[in-house]
Amino acid sequence: MLILKCPYCGVACDETELHAGGEAHLTRHGPGSSDADFEEYLFMRENPRGVHFERWRHVYGCGKWFHAARDTATLEVFGTYSAQVAEPPKDVRAAITAKVPGWRWRDLS
Ligand SMILES: [Zn+2]
């Protein structure tokens with residue numbers, strides 16, 4: 001079972017207390033953007049076996065959205081952090097690098 005710690009209220013909750021919100025750190029494109037940018041925003045998602053960054057909502061708790069970095073193959077969680085940041089914090093990236101040297105996800109490493 002996947003267990004994530006909410007970075008806002010500090011509760012370690014299992015996935016039944018959470019709602020998955022898809023991929024984290026998407027660049028949002030709306031009216032006025034090119035068709036290619038809008039298509040990528042709507043349809044193109046990472047689907048890695050390994051390091052992945054996701055959005056989660058603590059539905060049965062504080063109700064806030066947060067991001068989680070985890071390994072999709074092992075369910076190992078590298079860290080959770082605020083959804084109000086553009087990139088994963090350095091401590092989360094360091095935790096990933098310690099376990100998965102040479103990892104890449106989109107333009108992050
Ligand atoms: Zn919470």
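## A tour around strand β5

Begin by selecting helix α2 (residues 90–99), which lies across β4, β5 and β6 and runs at about 170 degrees to β6; axes here are lines fitted to C-alpha atoms, for helices over the stretch in contact, and angles run from 0 to 180 degrees between N-to-C directions. Helices (H or I, at least four residues) and strands (E, at least two) are DSSP runs, numbered from the N terminus. What you see is a predicted model, in which local features need pLDDT of at least 70 and side-chain atom pairs count only at pLDDT 80 or more, while totals for chains, interfaces and linings use all residues. Residues are numbered from 1 along each chain as its sequence is written.

Zoom out to the whole protein chain, where two helices and six strands are found, and follow the elements from the N terminus on in the order β-β-β-α-β-β-β-α. Along its principal axes the C-alpha trace spans about 40 × 35 × 25 Å.

Next, colour the open sheet of four strands, whose order is β3-β4-β5-β6 with antiparallel pairing; two strands pair if DSSP finds at least two bridges between them. Its edge strands are β3 (19–23) and β6, each of which pairs on one side only, and the twist averages 30 degrees from one strand to the next.

With strand β4 (residues 51–57), β5 pairs in the antiparallel sense over seven bridges; look for Arg57 opposite Trp65 and for Glu54 opposite Ala68.

On the way to strand β6 (residues 77–82), which runs antiparallel to β5 and is joined to β5 by five bridges, find Phe66 with its bridge partner Ser82. The hairpin of β5 and β6 has five residues between the strands, and there Leu75 takes a positive phi near 65 degrees.

Which residues touch the most other members of the largest nonpolar core? Among its 13 residues they are Trp56, Ala68, Ala69 and Ile96, where such a core is a set of buried Ala, Val, Leu, Ile, Met, Phe, Trp, Tyr and Cys residues joined through C-beta atoms within 7 Å. At least two residues of this core come from each of β4, β5 and α2.

Note on methods: Contact = placed C-beta atoms within 7 Å. Buried ≥ 20, exposed ≤ 12 C-beta atoms within 10 Å, placed from the backbone.
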